[in-house]
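Subject: Structure to look through

Dear colleague,

I am passing on a structure for you to look at, and below it I have set out what was found. Please read the notes with the model open beside you.

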Amino acid sequence: MGTTINSAYNMNILSISSLSGFIQILILIVMILFVIISFLVTRQVHILNKTLSTPLNIFFSQAAFIQLIISGVVVFLAFISV
Amino acid sequence: MTHILGSLVKAPKHTSYEGKDADENILYIIRRSVWVLLPPLILLGAAVFIPTIIPLFAGGDITQILHSWEVAPGFATSVVIFWYLGCFFYLLQTLIIWYFNVLVITNKKIIDLDVRGILYKNTSEASLRNVEDVTSTVTGTMGTVFNIGTVSFQTAAEEREFEFEFVDDPSKVRDIISDLVMEVKGHGHNN
């Protein structure tokens with residue numbers, strides 16, 4: 001039992017400490033930050049649309065929303081494929 | 001140019017701003033010149049082609065290169081999609097900053113909406129009656145070639161200066177503001 005846990009622990013350590021694992025985790029963190037920034041953009045557009053209302057405001061709202069959704073989906077796909 | 005995407009939009013339709021009075025009409029919306037979008041768009045064009053240029057030098061598809069680093073296939077595809085998402089984000093931010101950085105001129109006041117990045121928005125306004133000393137400046141090679149410059153004016157009520165940069169035909173904008181100020185002050189004297 002103890003040997004199994006130890007070997008599993010060692011395998012995890014090895015996979016995390018390997019370069020590819022490190023790169024994947026780093027990219028995943030950047031992707032998650034991107035989703036947070038995308039959410040901030042949707043809020044920014046919402047506030048700006050209230051400040052200056054023009055016929056093109058809907059374009060920015062939809063673009064920001066689509067970006068948030070797609071980035072969320074991409075991060076999810078990346079997360080399950082790591 | 002009176003198009004909605006133009007640098008100088010005269011009497012824009014279906015346009016309003018936060019805090020607009022019922023008897024207030026928007027006469028002009030002044031944006032930065034479309035030429036300011038050129039450098040970011042060139043950078044964006046280069047960024048879009050990076051995933052297609054890399055294989056020419058590396059000798060393989062970008063996903064194959066990532067596979068050779070023992071990255072999971074699904075993850076490699078996600079990285080490529082993410083790159084294009086980043087490009088789209090950059091384009092959207094550039095357009096948002098350009099579109100919402102405006103000088104709104106109404107029959108009562110001038111509103112300067114200043115947007116820099118995601119986390120900064122500044123709105124200043126000055127009554128047309130308080131506007132003094134409107135100045136236009138054209139400097140530099142690009143400014144002279146494309147007739148792009150800065151329009152600035154001071155207000156009497158406060159010791160502060162409004163400045164709007166990269167405006168198309170700054171002399172015309174200065175003239176418009178000066179005429180409006182004279183008109184408002186003229187009416188003020190008549191009353």
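In chain B, strand 3 (residues 26–31) and strand 4 (residues 102–106) are paired in the antiparallel sense over five bridges, where strands are DSSP runs of E with at least two residues and helices are DSSP runs of H or I with at least four residues, both numbered from the N terminus, and where two strands pair if DSSP finds at least two bridges between them. Within these strands, Tyr28(B) stands opposite Ile105(B) of strand 4. Please keep in mind that this is a predicted model, in which local features need pLDDT of at least 70 and side-chain atom pairs count only at pLDDT 80 or more, while totals for chains, interfaces and linings use all residues. Residues are numbered from 1 along each chain as its sequence is written, and chains are lettered from A and ligands numbered from 1 in the order in which they are written.

Between the chains, the contact takes 30 residues from chain A and 29 residues from chain B, two residues being in contact if their C-beta atoms, placed from the backbone, lie within 7 Å. On the side of chain A that touches chain B, the largest share, 14 residues, comes from helix 2 of chain A. Strand 1 of chain A is also joined to strand 2 (residues 16–17) of chain B by two bridges, the two strands running antiparallel, and here Leu52(A) stands opposite Tyr17(B).

Helix 3 (residues 57–81) of chain A packs against helix 3 (residues 73–100) of chain B at an angle of about 160°, with the axes 10 Å apart; axes are lines fitted to C-alpha atoms, for helices over the stretch in contact, and angles run from 0 to 180 degrees between N-to-C directions. The two helices are therefore roughly antiparallel to each other, a description given to angles over 145 degrees, whereas those under 35 count as roughly parallel, 65 to 115 as roughly perpendicular and the rest as oblique. Among the residues of helix 3 of chain A in this contact are Phe60(A), Ile70(A) and Leu77(A), while those of helix 3 of chain B include Phe75(B), Leu85(B) and Ile96(B).

With best wishes
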